[in-house]
Amino acid sequence: MDHTFTRAIGGSLLTMLCLVLASSLILATILRLSSISEHSIGGVTMAITLIITFIGGMVAAMKAGAKGWLFGLLAGAMFVIFAITIQYLGYGNASCFLNFYCFLYV
């Protein structure tokens, strides 16, 4: 396996994981300390996820150098697959897959 691939994708996934954990802590604190309900921040979480995926793709592209768009695309796809898998395991049903297909359709 090429070290460029491992370094670019691994660094990108680690960056995305750190950003997800940080944003989760911030959103949990906001939910805990304010009167905002969990149902009202769905759009915010979608926007944060898209931004984190974009940042992770950019990190992979910058670390890869050549063919950065391919590395960024692979990193973003791996993150989306990881997030869908975690969501599926957390909810225990396939409704998250339906949401993903609806998102792709739009």
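Predicted model: local features only at pLDDT ≥ 70, side-chain atom pairs only at ≥ 80, totals over all residues.
Two helices each supply at least two residues of the patch, namely helix 1 (3–33) and helix 3 (68–91). Helix 3 gives the most, with four residues.

A step back gives the overall picture. The protein contains four helices and zero strands, and its pattern along the sequence reads α-α-α-α. Of its 106 residues, 22% are buried. The accessible surface comes to about 7,600 Å², and carbon and sulfur atoms account for 74% of that area. Contacts between residues at least 6 apart in sequence were also examined, and 62% of them join residues at least 24 apart.

Helix 1 is made of 31 residues. From its first C-alpha to its last, helix 1 reaches 44 Å, close to the 45 Å expected at 1.5 Å a residue. Its buried residues are Ala 8, Ile 9, Gly 11, Ser 12, Met 16, Ser 23 and Leu 27.

Leaving out residues up to four places away in sequence, Ser 12 touches Gly 56, Gly 57, Val 59, Ala 60 and Ala 75. Leu 27 is another residue of helix 1; Leu 27 is buried because its relative accessible area of 16% falls under the 20% cut-off. Leu 27 and Val 44 are 17 residues apart in sequence, and their C-alpha atoms are 9.4 Å apart in space.

Helix 2 (residues 42–64) has 23 residues. Its reach from first to last C-alpha is 33 Å, close to the 33 Å expected at 1.5 Å a residue. Ile 52, Thr 53, Gly 56, Gly 57, Val 59, Ala 60 and Ala 64 are buried in this helix. Among them, Gly 56, Gly 57, Val 59 and Ala 60 are also contacts of Ser 12. Phe 54 belongs to helix 2 as well, but Phe 54 is exposed, with a relative accessible area of 56%. Phe 54 lies 21 residues from Ala 75 in sequence and 9.5 Å from Ala 75 in space, C-alpha to C-alpha.

The end of helix 2 leads to two backbone details. Gly 65 follows helix 2 and has a positive phi, near 80°. Most residues other than glycine have a negative phi. Lys 67 is a residue other than glycine, yet its phi is positive, near 55°. Lys 67 is placed in the loop between helix 2 and helix 3, and at 58% relative accessibility it counts as exposed.

Where do the helices come together? The largest nonpolar core has nine residues in all: Ala 8, Ile 9, Met 16, Ile 52, Ala 60, Ala 64, Phe 71, Ala 75 and Phe 79. Helix 1, helix 2 and helix 3 are the elements that give two or more residues to this core. In soluble globular proteins, nonpolar side chains tend to be buried together.

Phe 71 lies in helix 3 and counts as buried at 12% relative accessibility. Which residues does Phe 71 contact, leaving aside its neighbours within four places in sequence? They are Thr 4, Phe 5, Ala 8, Ile 9, Ala 60, Ala 64 and Ala 66. Phe 71 and Met 58 are 13 residues apart in sequence and 8.9 Å apart from C-alpha to C-alpha. Ile 9, for its part, touches Phe 71, Leu 74, Ala 75 and Met 78, again not counting residues up to four places away in sequence.

Technical notes:
Residues numbered from 1 in each chain as written. Heavy atoms only, no water. Expected span 1.5 Å × (residues − 1). Buried < 20%, exposed > 50% of the residue type's maximum accessible area, 1.4 Å probe, protein only. Contact = heavy atoms within 4.5 Å. Core = buried A, V, L, I, M, F, W, Y, C linked by side-chain atoms within 4.5 Å. Areas by Shrake-Rupley, 256 points an atom, 1.4 Å probe, with all protein chains shown as cover.
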